[in-house]
Amino acid sequence: MKIATISNRWRPLLVAALLSVVSISNSAAGEYPSFYRGVRPLAMGGAFTAVADDEQALFYNPAGLADISRLNLAILNPLVGVSEDSLEMYQDLQDTDFETVEEAEDFLRKYIGVQQHLRAAVNPYIGFNVADYGVMIAGLGNGTVNAMPYDTANPKLDVTVIGDYGLLGGVGGKLPFSGLRMGLSLKVINRYSLEEQYTAEDLVEDEFDKIVEDDLQEGAGISADIGVLYTLPFISLVDLDVGLAVQNFPSMNMGDALDIDTQVNMGVAMKKTLAGFGFIGALDCMDLTQDIGEDDDWGKRLHVGAEVQFPLILSLQAGLNQGYWTGGLGLDFRVLRFDLATYGEEIGEKAGDQVSRRYLAQITIGW
């Protein structure tokens with residue numbers, strides 16, 4: 001991966017990217033790792049394993065692909081996300097040239113212990129039904145950067161960068177007379193990643209771009225997701241689904257880049273349609289088998305969400321992600337859709353320690 005030489009004029013933009021485009025894994029704890037998360041699921045508190053009723057099933061539970069009954073297509077669907085603290089930091093960058101060590105140290109000290117986050121993604125897809133099986137094929141480009149300055153005496157910047165691109169495909173089907181849906185998806189992913197600490201001296205180096213280029217690691221991997229959804233037959237007033245998804249099986253060895261670990265998620269979802277309105281309530285528990293190993297706090301694994309679908313174009317979401325409130329809305333104009341979300345992400349050792357408030361927006365052209 002070639003990075004062009006960057007003049008001092010453009011250095012703040014590179015620092016901004018590092019300060020703001022998936023976790024700070026050199027710390028004792030940090031953001032819970034994830035491969036890909038969509039706007040609507042995050043607005044619902046991340047509780048989507050037993051919901052999985054749209055294109056996000058490819059990432060959360062491929063059994064949900066069984067419900068595809070018509071053509072689903074996204075020609076273009078750019079997503080951008082940023083943390084609240086990164087928005088504040090960007091204003092300060094306008095007045096910082098990073099020409100001296102002292103200037104870089106002063107800038108880092110102002111944000112000691114504050115995580116910066118930026119994300120950008122695109123995920124074009126096509127879904128259709130073949131012989132009563134739902135099929136989806138998708139491309140993926142997804143990049144995130146998390147960074148946090150630390151050490152007041154000698155400020156340093158702890159940075160993790162992850163960039164993924166690749167292809168995914170999945171299929172889901174219903175077992176007759178059983179209420180059971182099963183699904184399988186495969187993904188082939190190329191990854192660039194970086195986990196480093198940079199000093200103020202590094203940030204003002206004339207060849208800082210070369211330092212970053214040398215630190216980037218590259219790799220590729222192939223893995224599968226396996227999912228099931230079961231509608232409980234003895235519940236009459238609502239549809240009550242139980243979902244189980246085994247993601248990234250086997251674990252993806254990405255060569256020199258950061259690996260993608262196996263994760264087992266379980267959820268329940270209640271769905272009801274009444275007078276043209278749709279209602280969804282969901283609860284998820286992530287990483288049941290504790291394969292990820294970031295920490296052992298169950299509060300960081302719990303997700304609760306709800307959605308109200310209005311007649312025609314509007315839907316509203318809310319929830320709790322690791323104990324922090326989430327919210328969002330969707331506007332669907334058939335060939336054009338807007339999705340907005342905000343959520344809190346735990347970056348400390350346990351739920352309630354330290355929140356990173358984030359905002360996401362996505363525009364989808366398709367149907």
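1. Strands here are DSSP runs of E with at least two residues, and helices are runs of H or I with at least four, both numbered from the N terminus.

2. The model is a predicted one, in which local features need pLDDT of at least 70 and side-chain atom pairs count only at pLDDT 80 or more, whereas totals for chains, interfaces and linings use all residues. Residues are numbered from 1 along each chain as its sequence is written, and side-chain values use heavy atoms, with hydrogens and water left out.

3. Strand 13 has a partner in strand 12 (residues 302-309), to which it is joined by seven bridges in an antiparallel arrangement; two strands are said to pair if DSSP finds at least two bridges between them. Within this pairing, Gln309 stands opposite Ser315. Four residues separate the strands of this hairpin, and Leu312 takes a positive phi near 75°.

4. Strand 13 also pairs with strand 14 (residues 324-332), again in the antiparallel sense, over eight bridges.

5. Strand 10 (residues 263-274) is joined to strand 9 (residues 239-249) by nine bridges, and the two run antiparallel. Lys271 in strand 10 is the bridge partner of Asp239. Nine bridges also join strand 10 to strand 11 (residues 277-285), likewise antiparallel, and here Met266 has Cys285 as its bridge partner. Strands 10 and 11 form a hairpin with two residues between them, where Ala275 in the turn has a positive phi of about 55°.

6. Which residues of helix 5 (residues 101-110) are buried? They are Ala104, Glu105, Phe107 and Leu108, where buried means under 20% relative accessible area, exposed over 50% and partly exposed in between, with a 1.4 Å probe and protein chains only. These residues lie on the same side of helix 5 because they cover an arc of only 165° around the axis, the arc being that of the directions from the helix axis to the C-beta atoms. The face turned away from this buried side carries the exposed residues Glu102, Asp106 and Lys110.

7. In helix 4 (residues 84-93), the buried residues are Ser86, Met89, Asp92 and Leu93; their arc of only 110° puts them on the same side of the helix. In helix 7 (residues 208-215), Phe208, Asp209, Val212, Glu213 and Asp215 are buried, and an arc of only 165° places them on the same side of that helix.

8. The largest pocket has a volume of about 1200 Å³. Its lining comprises 43 residues, of which Asp53, Asp54, Arg70, Asp332 and Arg337 lie nearest its centre. By class, the lining has 17 nonpolar, 13 polar and 13 charged residues. Nonpolar covers Ala, Val, Leu, Ile, Met, Phe, Trp, Tyr, Cys and Pro, charged covers Asp, Glu, Lys and Arg, and polar covers the others, Gly among them. On a 1 Å grid over the protein atoms alone, a pocket is an open set of points with protein on both sides within 12 Å along at least five of seven lines, a cavity is a set where a 1.4 Å probe fits but cannot get out, and lining residues have an atom within 4 Å of a point. Grid points are joined across faces, edges and corners, and a volume is the space filled by probe spheres set on the points.

9. The second largest cavity holds about 40 Å³ of space. Among the residues that line it are Tyr36, Asn77, Asn123, Tyr125 and Arg337.

10. Pro124 is found in the loop between strand 3 (116-122) and strand 4 (125-130). It is partly exposed, with a relative accessible area of 29%. Setting aside neighbours within four places in sequence, Pro124 is in contact (heavy atoms within 4.5 Å) with Ala74, Ile75, Asn77, Ile137, Ala138 and Gly139.
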